[in-house]
Amino acid sequence: MGVLHRQRWCGATGLMVPLLTLASPGFLKIAGVAPSWAVLWLLPWALVDGPASGAIAGLCLGLVLDGLHLGLASEVPVLMLLGWWWGRIGRRGVPIERSYNLGLLALLGALLLGASVLLQLYWSGQLPLVEAGLHTLVAQSLITGLLAPVLCSLMLLRWRRIADLRG
């Protein structure tokens with residue numbers, strides 16, 4: 001595992017995700033749909049700290065976010081998978097330095113997360129309007145992909161600097 005999980009304040013930044021999920025600023029929404037804050041936080045974390053830490057962070061984040069909403073759909077499996085996948089990319093691949101790559105990874109992550117939740121709701125019979133679900137999926141993926149180059153690059157640069165100093 002990496003270095004970030006040993007820094008208490010780095011892990012504490014994950015507490016901002018449920019807060020931003022509950023009180024997302026209106027100017028950061030598209031048609032009333034907020035970005036996937038979990039994807040925006042987990043992407044740079046996993047890229048810097050590795051696959052094991054990314055999967056554990058995805059598990060913790062998913063459990064907290066599942067506690068915020070009632071229903072049968074869970075975000076835990078996809079967030080764990082994304083944390084592990086992005087951690088492998090960060091460890092084995094060429095270091096991601098272009099912000100457009102971060103935007104694409106965040107867009108794919110938000111699509112996977114939203115599609116997983118929609119499929120779980122569909123299979124449990126809780127999805128009343130397919131059009132509303134698809135609207136939410138597209139809008140959330142788009143705003144997440146647009147915000148990722150700015151937010152994820154800042155966190156990625158900061159956390160890489162911390163990992164280099166401590167590692």
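A crossing of two helices is right-handed if the near helix is turned clockwise from the far one by less than a right angle. The legends below refer to a predicted model.

**View 1. Crossing of helix 3 and helix 7.** The crossing of helix 3 with helix 7 (residues 130–166) is right-handed. The two axes come within 9 Å and cross at roughly 35°. Helix 3 contributes Trp37, Val39, Leu40, Trp41, Leu43, Pro44, Trp45, Leu47 and Val48 to the contact, and helix 7 contributes Thr144, Leu147, Ala148, Leu151, Cys152, Met155, Leu156, Trp159, Arg160 and Ala163. By class, the residues of this contact are 17 nonpolar, one polar and one charged.

**View 2. Length and buried face of helix 5.** Helix 5 covers residues 76–92. The buried residues of helix 5 are Val76, Val78, Leu79, Leu82, Gly83, Trp86 and Gly87. Seen down the axis, these residues fall within an arc of 160° and therefore line one face of helix 5. An α-helix has 3.6 residues a turn, so residues three or four places apart point the same way.

**View 3. Partners of helix 5.** The buried residues of helix 5 pack against helix 3 (37–49), helix 4 (51–68) and helix 6 (99–124).

View 4. Ala31 is found in the loop between helix 2 (16–22) and helix 3. Phi of Ala31 is near 55°, a positive value in a residue other than glycine. Ala31 counts as exposed because its relative accessibility is 58%, where exposed means over 50%.

Conventions: Residues numbered from 1 in each chain as written. Predicted model: local features only at pLDDT ≥ 70, side-chain atom pairs only at ≥ 80, totals over all residues. Heavy atoms only, no water. Helix = DSSP H or I, 4+ residues; strand = E, 2+ residues; numbered from the N terminus. Expected span 1.5 Å × (residues − 1). Buried < 20%, exposed > 50% of the residue type's maximum accessible area, 1.4 Å probe, protein only. Arc of directions from axis to C-beta. Contact = heavy atoms within 4.5 Å. Axes fitted to C-alpha atoms, helices over the stretch in contact; angles between N-to-C directions. Nonpolar A, V, L, I, M, F, W, Y, C, P; charged D, E, K, R; others polar.
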